[in-house]
Amino acid sequence: MQTTNKMVFTAKNVSELLYQLKTVSNLQVIGASTYIKTLPEKSISVRNIPELCIIDKHERYVEFGPGVTLNSILSQCKNYLPQVLADAIHCIANHNIRNIATIGGNICAKDYRLSLIAPLLALDCSLKFKSLKKDEYINLKNFTFIPPESVLAAIRVPVEDYNVSIYRKLGPNNALTAESGSFCFLAQTEKNILMKLKLVFSGPFNFINRELETKFLGTKLPLNESAIQDFIATAGERFDELSKENPCSPILRQQFLNLTAFSLHELT
């Protein structure tokens, strides 16, 4: 199919999709195209491939095909989806857009890290890539590009309960700018002892710091003010180190620190 000098290919299943990727040069996989402003010169959509539109629930994780729409996730995984991911999806555009926008498109969008990246990183999500030769899982935190002649086949999200679950979308509501980003904080507690903590910011860069996430493990709650201020100071230093290579708006930096302080005060 050709539209205004741009070629749109189709595939009925994953095998056909992989064959097209191997034989057609510079072919770009797209989802529902709610994010991109113009189609690539050569594109192929995963939207109508049944294998890539499946939700597969397990006891400890759920797998989403990249073609699953955001509203399908909300409706089919009610009372099962991690709260922080549900909150992030609800913050995306509006109901009509979520009816067509896909989880795969949100993860693989170019130029910007969109709204689901922070919660998926916090939840330790893995991505399954399929090629004609093999299948492989890559942790989202290690994902930089789709392997050649491969397609994103599934997004595996661990299902785990957290006592504190906070998500905030940062920046303008209806636009992507240099001040856009997202924040996620997760914590597990047991008998007023902090057992697990996840702190993620996603914007011009992804902020994940193992030193901070383990700093208070085993600590009795609530945290005292001195400990919280020390944590925030360290977070600011680590944030600034990442900003040297990926300049970040001062507004985003301050929002990150404010939300970090708010989240730590929620640990009671």
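## Helices α8 and α9

Helix α8 (residues 225-243) packs against helix α9 (residues 250-265) at an angle of about 150°, and their axes lie 10 Å apart. Axes are lines fitted to C-alpha atoms, for helices over the stretch in contact, with angles from 0 to 180 degrees between N-to-C directions. The two helices are therefore roughly antiparallel (angles over 145 degrees).

On the α8 side the contact (heavy atoms within 4.5 Å) involves Glu225, Ile228, Phe231, Ile232, Ala235, Gly236, Phe239 and Asp240. Helix α9 contributes Arg253, Phe256, Leu257, Thr260, Ala261, Leu264 and His265. By class, nine of these residues are nonpolar, three polar and three charged (Ala, Val, Leu, Ile, Met, Phe, Trp, Tyr, Cys and Pro count as nonpolar, Asp, Glu, Lys and Arg as charged, the others, Gly among them, as polar).

## Basis of the model

This is a predicted model, in which local features need pLDDT of at least 70 and side-chain atom pairs count only at pLDDT 80 or more, while totals for chains, interfaces and linings use all residues. Residues are numbered from 1 along each chain as its sequence is written, and side-chain values use heavy atoms, leaving out hydrogens and water.

Serine 43 lies in strand β4 (residues 42-45); strands are DSSP runs of E, at least two residues, and helices runs of H or I, at least four, numbered from the N terminus. Serine 43 is buried, at 1% relative accessibility (under 20% relative accessible area, 1.4 Å probe, protein chains only). Leaving aside residues up to four places away in sequence, serine 43 touches Met7, Val8, Phe9, Leu27, Gln28 and Ile30.

Valine 8 belongs to strand β2 (residues 6-9) and is buried, with a relative accessible area of 18%. Its C-alpha atom is separated by 8.2 Å from that of glutamate 41, 33 residues apart along the chain.

Terms used. Buried means under 20% relative accessible area, exposed over 50%, partly exposed in between (1.4 Å probe, protein chains only). Angles under 35 degrees count as roughly parallel, over 145 as roughly antiparallel, 65 to 115 as roughly perpendicular and the rest as oblique.
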